[in-house]
Amino acid sequence: MTPAQQELLNCIRSSLWADAAQPQPSDEVLAEAQRQAIVPLIAFDSMEASQYMAHYLRILYAQDRLVTLFREAGIPMAILKGAAAAIYYPEPMQRTMGDIDLIVPQSAFASSQSLMERSGYKRETEDFEKTDARHVAYQKDGITVELHHHFSSEGIDVEKYVIRGLESPVTAELSGHKFPMLPPLENGLVLLAHVAQHLRNELGLRQMIDWMMYVHAQITDVYWETAFRAAAADCGLETLAITATRLCQKHLGLPDPITWCDGADDKLVDDLLENLLVTGNFGHAHGSGSSVETVTTNIKRTGLFRYLQQQGERNWKAYQEHKVLKPFCWAYQIGRYIHRGLGTGRSGAQLAADYKRSSSRYDLLTRLGID
């Protein structure tokens, strides 16, 4: 851990849990916070945080329009992550907002797409870095909206809880803006699964802090034993929940006198923290993006042929229209990598570091039980 990273952790603890106003962080620490997408959390009153706060308000107003649109159409929906995570922060504006994620019942997905398109939402260009089998992305007034029909990704299945939550959403409020979200148990599983999903690609401190604030608000020892533990275990996320919460106690200042995470493996906790600090928010900390590291990790998880086949089915437009091409999707994906130049612009030393990190990350996933 670098001195700047250690100071960043100190700033997070002070901002969330201390009563006194905190000094402005150094430029180096602020740069670390930008890579982790948590600037408003450690520099709430700074000029650097003002643009994040303006975007926060724009998100809430855009979210209002969506809530009204779907309510008037009679389509159930719930906000995922974003505002549904910010409600747990002492100052919700401290939570950096990105896109708006909303989920609708699978049976209402087609009508939801039509509704958005009639209302001026433009579908984003389908691209390898932006597409996801679980949602379709739209833009309006500079805000990206991801319309989900599923939340779960391969190997991390919380879908039955999401479906159950959609049947009985609760109403939350931020800064006078009301919105529907999943009930507490189901929302917590989504935030935990979000950590797991990003661990397979690029996990940052923002996702971990979202989880910490949820734990602080919801998971007492009693609640863990009577409700959350069984649900987390059912989804294969119990070890991650325990390890991540112990990390929050040890390194991020979580002050709650809970004991349900006392049995965490300290080496695993520290390895998880190292991964957080190295990758940062969506890989910004070391510029990996869809790097050799991420691809290699996924290949180790799923196997080479299966990974190439899955990615080919996802990316080949001709296959989307002509399913008879399915046996050739793996070959298309190989050609795609060759054409796009996997790792383009990265030196031999950088590629070697990518491969080394992929081995470490795969080992971490295995020990957390989410490989």
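# Burial, packing and backbone in a predicted model

Reader: Is C11 buried or exposed?
Author: This is a predicted model. C11 has a relative accessible area of 14%. The cut-off for burial is under 20%. Because 14% falls under it, C11 is buried.

Reader: At what angle do helix α1 and helix α2 pack?
Author: Helix α1 covers residues 3-17, and helix α2 covers residues 27-35. Their axes lie 9 Å apart. The range 65 to 115 degrees counts as roughly perpendicular. The pair is therefore roughly perpendicular, with an angle of about 75°.

Reader: Which residues of α2 make the contact with α1?
Author: From α1 come A4, Q5, E7, L8 and C11. By class, the contact has five nonpolar, one polar and three charged residues. On the α2 side, the residues are E28, V29, E32 and A33.

Reader: How far is C261 from the nearest cysteine sulfur?
Author: The structure holds zero disulfides. C261 is buried, with a relative accessible area of 0%. A disulfide needs sulfur atoms within 2.5 Å. C261 is in no disulfide, and the sulfur of C248 is at 8.8 Å.

Reader: What is the bridge partner of V170 in β7?
Author: Strand β6 spans residues 170-174. β6 and β7 pair in the antiparallel sense over five bridges. In β7, the partner of V170 is M181.

Reader: Which residue takes a positive phi in the hairpin of β6 and β7?
Author: Most residues other than glycine have a negative phi. The hairpin has two residues between the strands. With a phi near 50°, the residue is S175.

Reader: How many of the five residues of β7 are buried?
Author: Strand β7 runs over residues 177-181. The strand is largely enclosed by the rest of the structure, because the number of buried residues is four.

Reader: Is D141 buried or exposed?
Author: D141 lies in the loop between β4 (135-140) and β5 (143-148). Its phi is positive, about 55°, although D141 is not a glycine. The relative accessible area of D141 is 52%. The cut-off is over 50%, so D141 is exposed.

Reader: What is the relative accessible area of A37?
Author: A37 sits in the loop between α2 and α3 (39-42). Phi of A37 is positive, near 60°. A37 is buried, with a relative accessible area of 10%.

Reader: What share of the chain counts as buried?
Author: The chain has 17 helices and seven strands. Among contacts between residues at least 6 apart in sequence, 67% join residues at least 24 apart. Of the 371 residues, the buried share is 52%.

Technical notes: Residues numbered from 1 in each chain as written. Predicted model: local features only at pLDDT ≥ 70, side-chain atom pairs only at ≥ 80, totals over all residues. Heavy atoms only, no water. Axes fitted to C-alpha atoms, helices over the stretch in contact; angles between N-to-C directions. Parallel < 35°, antiparallel > 145°, perpendicular 65-115°, else oblique. Contact = heavy atoms within 4.5 Å. Nonpolar A, V, L, I, M, F, W, Y, C, P; charged D, E, K, R; others polar. Buried < 20%, exposed > 50% of the residue type's maximum accessible area, 1.4 Å probe, protein only. Pairing = 2+ DSSP bridges.
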